[in-house]
Amino acid sequence: MDYVNFIISTVVLTVVALFFGPVFLGIERKIQARIQQRIGPPILTPGTWSILKFWNKKPFTPNSPMPSLYHALPPVTIVVVLVILWLTSPEWWGLPLSLATLVAIVGIMKFEEVMYVVMGSLSRSILSVTMPYGDVVKGAVTKATIRRFFEGQSAVRFIKHITIASFPIYIAIFIPVVIARSIFVQDVVLYQGSFLDLHPILFTVPGFVGAIVYFVGYVAQLNDYPFTIAKAKGDLVEGAPLEYGAHARGNYYILRGVWMFVLSSLFVTLFFGIPPVVDFSSMVGVSQLVMHVLLTFMLPVLVSVLSAFGPILTFKQLYPVSFGFTAIGVFGLLLAL
Amino acid sequence: MEKDRGEADVEIPVGLVHPALLEPYRPRFFLQDEVVTDCEITLDAQHRGIERIMEGIPVDKCNIITERICGICSCVHLWNSVRVVEKGLNIEVPERAQYMRVIINELERLTSHLIFFGHALEIIGHETLAMRAFIAREPFMIMLGELSGNRVHYACPIIGGIRPRCNPTDDLCAKSLAQLQPATEYLKDYADRILQDAMVMSRIEGVGVLTKEEAIKYHAVGPTARASGVSKDWRTDIPDFKHFDWDVIVLDDGDVKTRVVQRVLECLEMLKIVEQGFKNLPKGEVRTTGWKLGKMPITTCYHEAPRGELYDSYGLDEKGNVRHYKCRTPTVTNLGAMEVACLGEHLTDAVLTLASCDPCLCCTNR
């Protein structure tokens, strides 16, 4: 293994993800604003300048039984999700223990989902139970044994969300696996040919079905509209991340942006056959990275449009939608067989 | 059959500060899993003591303060307060002033209903349609600004008529009439867009049902009651509205969708009234003079505010100062119905159900 290239590749991919991820947040907001006939913020404001602003704010101690852990969750999760990006890079394919497989990637994705459950359990904002208001007084209704914070309810919803809404993206990830007959990222990429002679899985029938299902799963993974029940503004305000302020809020935005980039990058790698290669020794290598980054913009743009036109789905709608797209994914798997 | 207030495992208190509530009130939801089995709403976090302020002040000042009870339905508060004196002292109002009062009031009702659409759609998470509600609202706000001089507190009715600055010229009437046409078209397209959106419908259809029996039992008023089959609109009892040809919209289903549809149809009736008002606006004076303030027994007037029944009552002493002012706004009578309507719903839908009854806590906590 060439350790110099390994380190350069890892650092470059990290920088790319940390730069473009937050830009996606701005693109999302801008597109939604234009659809809503507003000017909207400058593209760099929501994801870049606002993060710098949050980092420079006075430190804020959240109402949490374990504030340090609560604050540590976004940075730790950023590193964990970056591992997914690194594992799709050719420099990491040679790692032992079969880490560069889609099974390992799905396992790592679970960490991000569970992180929200922990986040919700650790937050106690003033907006619900601890609001200084005389609820439990003579004559008031007192029948429940637990008085729950918004964030606690958000954690409960995240558990349901993990159980139900994650199916589509996992099914979609395994469609290229079935087509390439291998769980290794390397095999899935090589199956689609070299960069100058590509035959993307996306342009096959099962690949196209998988891409649609992946897109729905992508929106669900991002907890973006319409799959934002666990963070529904209408009742839970923002759910688990509610108590993030100052630098922690900035970190949370970075996490969201990086997660968007990593999932988009995974899509480009699996369905276009263009992995995030860092090779500055040739024009082909540079072009491949540029093409990869350009294609990662596709899903955030589509998400922005969907989010602008989709109301929050409650579990009543979420179950059939999730199961429906899971069924379509299974159909795609059968086609791939 | 009436809904049961069942046992609960979890309580989630919401508010006073919350993006879905807009104003400070405190609903406490009692849940089994995520289904609301009981709900209790508490008020008065922003009590301003307006009724106490009124005691002993000149009636003209009192009327101006009544307008400050609410920023959304300010005109109807002022108008109803003025009607109390006019009724108590038998003061005639010129026909042109009656028309203008109705026009301003119905434009205000339109803007209020459009805020409702924006609020409800924001809660279900459809930000685009919520934003468009405010785009649809803007022409009516501009019209109100041009007709009265203000976009929010119009200060139009005064005892015996309307303020002279609210007396439009023929040119202004023609201009307003011309503005009405495109605004109406946009509103109709907007309403169609909401009602044809399958995802929006899936969120509001069959949710938050308030039956006719419950609406009567808990004394629901206004559009909330009329969407549950209760045919009561105080405008039918007010002489100023007799000049106009319009219908009271009553629907039966009582769910959130019906409350939205009821308001959409009501908006079209308001537009009919406003159009007739501009077309048939009579010539003449806009205020009567020659009346004198004096002792007046406690007199009561009802009006139909955008959210329902509005009640004002007071008397005057020998100097024309207000005594025993009392006001009851629609939301306070709707609260019981709101609590019942959200029983059996998912927590997210319960908040939507409360919003669909269009509470105004600014009026209620006056």
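User: In which helix does D192(B) lie?

Analyst: D192(B) lies in helix α6 (residues 170–195) of chain B. Helices are DSSP runs of H or I with at least four residues, strands are runs of E with at least two, and both are numbered from the N terminus. This is a predicted model, in which local features need pLDDT of at least 70 and side-chain atom pairs count only at pLDDT 80 or more, while totals for chains, interfaces and linings use all residues. Residues are numbered from 1 along each chain as its sequence is written, chains are lettered from A and ligands numbered from 1 in the order in which they are written, and side-chain values use heavy atoms, leaving out hydrogens and water.

User: Why is D192(B) called partly exposed?

Analyst: The relative accessible area of D192(B) is 41%. Buried means under 20%, exposed means over 50%, and partly exposed is in between, with a 1.4 Å probe and protein chains only. D192(B) is therefore partly exposed. As for its place in space, D192(B) and F29(B) are 33 Å apart, C-alpha to C-alpha, and 163 residues apart in sequence.

User: What makes T269(A) buried, and which residues does it touch?

Analyst: T269(A), found in helix α10 of chain A, has a relative accessible area of 0%, so it counts as buried. Contact means heavy atoms within 4.5 Å. Not counting residues up to four places away in sequence, T269(A) touches T88(A), V185(A), V189(A), Q192(A), I274(A), P275(A), P276(A) and H292(A).

User: Why are the buried residues of α11(A) said to line one face of the helix?

Analyst: The buried residues of α11(A) are G285(A), Q288(A), L289(A), H292(A), V293(A), L295(A) and T296(A). Seen down the axis, they fall within an arc of 165°, so they line one face of α11(A). The arc is that of the directions from the helix axis to the C-beta atoms. What covers these residues includes α1 (3–35), α10 (246–272) and α12 (298–309) of chain A. The face of α11(A) turned away from the buried side carries the exposed residues M283(A) and L294(A).

User: What makes the pair R109(B) and E106(B) a salt bridge?

Analyst: A salt bridge is a side-chain nitrogen of Lys or Arg within 4 Å of a carboxyl oxygen of Asp or Glu. In R109(B) and E106(B) the closest N and O atoms are 3.2 Å apart, and the pair forms a salt bridge. Both R109(B) and E106(B) are buried. They are separated by about one helical turn because they are 3 residues apart in helix α4 (residues 95–123) of chain B. An α-helix has 3.6 residues a turn, so residues three or four places apart point the same way.

User: How do you know that E309(B) and R328(B) form a salt bridge, and where do they lie?

Analyst: Their side chains meet at 2.4 Å, N to O, in a salt bridge. This pair links distant parts of the chain, with E309(B) in strand β7 (residues 308–316) and R328(B) in strand β8 (residues 322–328) of chain B, 19 residues apart. E309(B) has 10% relative accessibility and therefore counts as buried, whereas R328(B), at 28%, is partly exposed. Elsewhere, salt bridges that share partners join E106(B), R109(B), R226(B), D233(B), R235(B), E266(B) and E304(B) into one network. Over all chains, the structure holds 41 salt bridges.

User: Which pair of residues does a cis peptide bond join?

Analyst: The bond joins Y225(A) and P226(A), and omega is about 0°. P226(A) is found in the loop between α8 (205–221) and α9 (233–236) of chain A.

User: What is stated about phi of D358(B), and why is this residue called buried?

Analyst: Phi of D358(B) is near 55°, a positive value in a residue other than glycine. D358(B) lies in the loop between α12 (347–356) and α13 (361–364) of chain B. Its relative accessible area is 3%, so D358(B) is buried.
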